[in-house]
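Student: Before we start, I would like to go through this model term by term and ask what stands behind each label.
Tutor: Gladly; let us take the labels one at a time.

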Amino acid sequence: MERNNLYPIFLKPKNLKILIVGGGYVAEEKLTFLLKSSPDANVTMVAPMYREETIKIADRGDVNRVVDVYKTDYLKEHHMVIATTDQPEINIQIYKDCRLQHKLVNVADNPPYCDFYMGGIVTKGNVKVAISTNGKSPTTAKRLRQFFEDVIPENIDDLVKNLNIYRKTIKGDFEQKVEKLNEFTKGLVEKM
């Protein structure tokens with residue numbers, strides 16, 4: 001049986017420099033989901049032209065837009081790159097350039113050329129759930145995202161804040177604290 005061997009992490013896009021190469025619909029989609037999850041993301045876009053809606057979204061997010069074709073120099077000082085051009089050979093070149101410079105790269109809709117995938121994300125205050133289908137079915141990730149948006153209660157953030165306060169009052173060593181928190185939260189799953 002095949003399994004998903006990806007390692008999920010939560011990045012702080014405000015502290016990273018992210019480059020999106022492209023200005024079309026796919027770039028717009030990637031930018032939209034990135035800014036929805038992390039409105040303060042540090043993003044630069046490079047493209048010879050941009051869709052009107054992409055410009056509006058970029059302007060709302062304080063995104064640096066450069067009107068130019070892709071050049072390797074644009075990779076400098078960026079930690080992550082998302083290639084979204086409509087020219088597969090350019091996207092693959094971006095991937096190769098990123099590999100040489102040890103940059104994380106995602107070539108949209110081309111899983112073999114991705115170090116990471118941008119999965120489905122559900123955010124309710126401090127709670128964030130990320131969903132991955134190992135790059136195989138973004139539509140399934142979208143449907144699972146919709147499901148979790150419906151089943152995770154709106155007041156989950158209140159619970160998280162209250163547990164954080166409670167956690168600070170617990171006495172004992174690490175194991176004792178974990179045991180008390182586990183006992184306290186055991187009913188959470190049953191109530192949801």
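Student: Where is the place of Thr44?
Tutor: Keeping in mind that this is a predicted model, Thr44 belongs to strand β2, which covers residues 43–47.

Student: Why is Thr44 called buried?
Tutor: The cut-off for buried is under 20% relative accessible area, and Thr44 has 12% relative accessibility, so Thr44 counts as buried.

Student: Which residues is Thr44 in contact with, leaving aside its neighbours within four places in sequence?
Tutor: Contact requires heavy atoms within 4.5 Å, and on that basis Thr44 touches Ile18, Leu19, Ile20, Asn64, Val66 and His78.

Student: What makes β2 and β3 a pair of strands?
Tutor: Pairing requires at least two bridges, and β2 and β3, which run parallel, are joined by four bridges. One of the residue pairs involved is Val46 with its bridge partner Val66 in β3.

Student: In what order do the strands of the open sheet lie?
Tutor: The five strands follow the order β3-β2-β1-β4-β5, with parallel pairing. The edge strands are β3 (64–67) and β5 (104–107), since each of them pairs on one side only. On average, neighbouring strands of this sheet are turned by 15 degrees against each other, if direction is ignored.

Student: Which helices lie across these strands?
Tutor: Helix α1, residues 25–37, lies across β1, β2, β4 (80–83) and β5, and runs at about 175 degrees to β2. Helix α3, residues 88–100, lies across β1, β4 and β5, and its angle to β5 is about 170 degrees. Angles run from 0 to 180 degrees between N-to-C directions.

Student: How do you know that β6 and β7 pair, and in which sense do they run?
Tutor: The threshold is at least two bridges, whereas β6 (residues 120–124) and β7 (residues 127–131) have five bridges between them, in the antiparallel sense. Within this pair, Ile121 stands opposite Ala130 of β7. The two strands form a hairpin with two residues between them, and Gly125 in the turn has a positive phi of about 65 degrees.

Student: Why is Asn15 called exposed?
Tutor: Exposed means over 50% relative accessible area, and Asn15 reaches 55%, so Asn15 counts as exposed.

Student: What makes the contact of Lys136 and Glu2 a salt bridge?
Tutor: The side-chain nitrogen has to lie within 4 Å of a carboxyl oxygen, and for Lys136 and Glu2 the N to O distance is 3.3 Å, which qualifies the pair as a salt bridge. Because Lys136 lies in the loop between β7 and α4 (138–151) and Glu2 in the segment before β1, the pair ties together parts that are 134 residues apart in sequence. Lys136 is exposed, with a relative accessible area of 58%, and Glu2 is exposed with a value of 58%. The structure holds 10 salt bridges.

Student: How far apart are Arg145 and Glu149 in helix α4?
Tutor: Arg145 and Glu149 are four residues apart in that helix, so about one helical turn separates them. Their side chains meet in a salt bridge with an N to O distance of 3.2 Å, which is within the 4 Å limit.

Student: Why is Arg145 called buried and Glu149 partly exposed?
Tutor: Buried stands for under 20%, exposed for over 50%, and partly exposed for the range in between. Arg145, at 13%, is therefore buried, while Glu149, at 27%, is therefore partly exposed.

Student: What are the labels for Lys161 and Asp157?
Tutor: Lys161 has 44% relative accessibility and so counts as partly exposed, whereas Asp157 has a relative accessible area of 13% and so is buried. Their side chains meet in a salt bridge of 3.2 Å, N to O. Being four residues apart in helix α5 (residues 156–169), Lys161 and Asp157 are separated by about one helical turn.

How values were computed
Residues numbered from 1 in each chain as written. Predicted model: local features only at pLDDT ≥ 70, side-chain atom pairs only at ≥ 80, totals over all residues. Heavy atoms only, no water. Buried < 20%, exposed > 50% of the residue type's maximum accessible area, 1.4 Å probe, protein only.
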